[in-house]
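Me: I am new to this structure. Can you take me through it in short steps?

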Amino acid sequence: MTPGALPAGAGTSFVTVAVWTGTIALALTLLLALQIVLLRMALRRRERRAARAVARWRPLLNQAIVGERPDLPVLAARERLPFLQLWAHLQGSLRGAASEALNEVARRLGVDTLARGMLARGARDERLLATLVLGHLGDRAAWPQLLPLASAADSVLSLTALWALVRVDPEAAAEYLTPLFVEREDWALSHVAGILQQASGPVAQVLARLLPQLEQERLPRALRIAESLRITLPAGVLAGALRSASGAVVIAALRGVRTPETIDDVRALLGHADWQVRVQAARALGRVGERSDAARLTLLLGDPQWWVRYRAAQALRELPLLSRADLEAVRASLTDRFALDMLDQVLAEELA
C-alpha cells in the first residue's frame, strides 16, 4: 500500500460518520426548536388565561373598592395566581376602607386559606406572593408560618416576611424584629425603616428598653433606626449615648436629637475634638437651640473644618426666634473672612 494512503473502505466510513453526525445534530436542533415553540405556546396560553382572569375579576374588585358588595363567582384553580397578583397589586396603592373591602373579598373567596397553603408548599415565587397577600390580610393564623421565613437566606423573601409580620401584629413584631434589625447590619436601613414604619410606637418602646443594654458597637445602628423612624427617645437614654466615649455613638445620638431636654449635652459637644461630632452638634442645635445659642454657633463659623462652618451657618439660619435682622447683626460682627464668606453663602442659598 502506498505510504500515506487510507485503508480500503476508510473513506466510506468517514463519510458515513459525518452523515450520521450531521443527521443527529439536525435532529437535536429541530427538537430544541420544537421545545422553544412549545414553551412559547404554553406561555401564550398562560398569558391568555391570566388576561381572561384579570378581565373577569378586575370589575368585581373595583366594585368592592368603591364600596359595593359584588356577587362573587367561584375562584377557579387556573385563576388563582392571576387573581392574587391583581389583588396584591391593587392593595399596594390602597388604604383604609378600600383596602379592607378588598380584604373582605379575599376572605369570602377563601384566599387566606389558599395563601397559607401556597406558603407551605408553593415554589419560591408563589411563597413570595402568598407572603404579600397574608401581610395585606393581616392574617394572624399565618404567624407561625411567616416567622421562620424572617430568617431565610433569601433576603427578598425574608424581608417580605418581616413586613408581613409587622402587618399581622405590630406589637409582637416589634418585640421580635427590633433586636433582629439591630443585629443584622447587612439589611439596609431604608428597608428596615420601611418595614417598621407601621410599628414605630412599639419599636420606640423596645428601643428605649434595649439601648441601655446594648454593646457599644451595636448602639450606632440602633440609634440610626430610631432616627429613620423619627422616634423621640427618652431624654435619659439619649443623654447616655451623647456622653459615650465612642464618636460613632455620639454622632448617631446627635442625629436623633429632636427635643431640648438634652440641649446641655449638645452644647458641650460643640467643642469636641472630632470635627464630625461638631458638625452634628451644630445641626442638632439648629433644631432645638435657643436664641442664646447664636453666640455659640457664631464661634463655630471660625472652625478650621469647612463642613463645621457650613452646618453652623445653617444652624444659625434655622435657629428659632432668630430674625433676619439678628443674622445681619451677626454678619456685621464677623472679622474672620472665612466665617463671613460661609454665612453669606448660606444666606444666599435661602434666597435662591
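Reply: Helices here are DSSP runs of H or I with at least four residues, numbered from the N terminus. Trp 20 lies in one of them, helix α1 (residues 10-65). Keep in mind that this is a predicted model.

Me: Is Trp 20 buried or exposed?
Reply: Exposed means over 50% relative accessible area. Trp 20 has a relative accessible area of 56%, so Trp 20 is exposed.

Me: Which residues form a nonpolar patch on the surface, and what is their accessible area together?
Reply: Trp 20 belongs to the patch.

Me: Why is helix α4 (residues 111-121) largely enclosed by the rest of the structure?
Reply: Buried residues include Val 111, Leu 114 and Met 118. Asp 112 and Arg 116 of α4 are buried too. Helix α4 is largely enclosed because the buried residues number 8 of the 11.

Me: Which helices do the buried residues of α4 pack against?
Reply: Contact here means heavy atoms within 4.5 Å. The buried residues of α4 pack against α2 (80-91), α3 (96-108), α5 (124-137) and α6 (143-149).

Me: Where is Leu 207, and is Leu 207 buried or exposed?
Reply: Leu 207 is in helix α10 (residues 200-210). Its relative accessibility is 0%, so Leu 207 counts as buried.

Me: Which residues does Leu 207 touch, not counting residues up to four places away in sequence?
Reply: Thr 178 is one of the residues touched by Leu 207.

Me: What separates the C-alpha atoms of Leu 207 and Glu 175?
Reply: Leu 207 and Glu 175 are 32 residues apart along the chain. Their C-alpha atoms are separated by 9.4 Å.

Me: Which residue forms a salt bridge with Glu 175?
Reply: The closest N and O atoms of this pair are 2.8 Å apart. The pair links distant parts of the chain, 34 residues apart, with Glu 175 in helix α8 (residues 170-183) and its partner in helix α10. Glu 175 is partly exposed, at 43% relative accessible area. The partner is Arg 209.

Me: How many salt bridges does the structure hold?
Reply: Side chains of opposite charge can pair when their charged atoms come close. The structure holds salt bridges to the number of 21.

Me: Where are Arg 124 and Asp 154, which form a salt bridge?
Reply: Their closest N and O atoms are 2.8 Å apart. The two residues are 30 residues apart and link distant parts of the chain. Arg 124 is in helix α5, and Asp 154 is in the loop between α6 and α7 (155-168).

Me: Which residues are linked with Asp 293 in a network of salt bridges?
Reply: Asp 293 forms a salt bridge with Arg 296. Asp 293 is buried, with a relative accessible area of 0%, whereas Arg 296 is partly exposed at 34%. The network links Asp 293 with Asp 264, Arg 267, Glu 290 and Arg 296.

Me: Why is the ring pair of Trp 306 and Trp 307 edge-to-face?
Reply: A search of the whole structure finds 4 aromatic pairs. In this one the ring centres are 5.0 Å apart. Planes over 60 degrees apart count as edge-to-face. The pair is edge-to-face because its planes stand at 90°.

Me: Which residues do ring pairs link into a cluster?
Reply: Trp 307 also pairs edge-to-face with Tyr 310, at 5.7 Å centre to centre and 80° between the planes. Being 3 residues apart in helix α17 (residues 306-318), these two are separated by about one helical turn. The cluster holds Trp 306, Trp 307 and Tyr 310.

Me: What is the phi of Leu 321 near?
Reply: Most residues other than glycine have a negative phi. Leu 321 is in the loop between α17 and α18 (324-333). Leu 321 is exposed, with a relative accessible area of 73%. Its phi is positive, near 70°.

Note on methods. Residues are numbered from 1 along each chain as its sequence is written. Side-chain values use heavy atoms; hydrogens and water are left out. Rings of Phe, Tyr and Trp (its six-membered ring) pair if their centres lie within 6.5 Å; planes under 30 degrees apart count as stacked, over 60 as edge-to-face and the rest as tilted. Buried means under 20% relative accessible area, exposed over 50%, partly exposed in between (1.4 Å probe, protein chains only). Patches are made of residues with over 30% relative accessible area and no salt bridge: like charges are joined within 9 Å, nonpolar side chains (Val, Leu, Ile, Met, Phe, Trp, Tyr) within 5 Å. Accessible areas come from the Shrake-Rupley method with a 1.4 Å probe; for residues, only the protein chains shown count as cover. A salt bridge is a side-chain nitrogen of Lys or Arg within 4 Å of a carboxyl oxygen of Asp or Glu.
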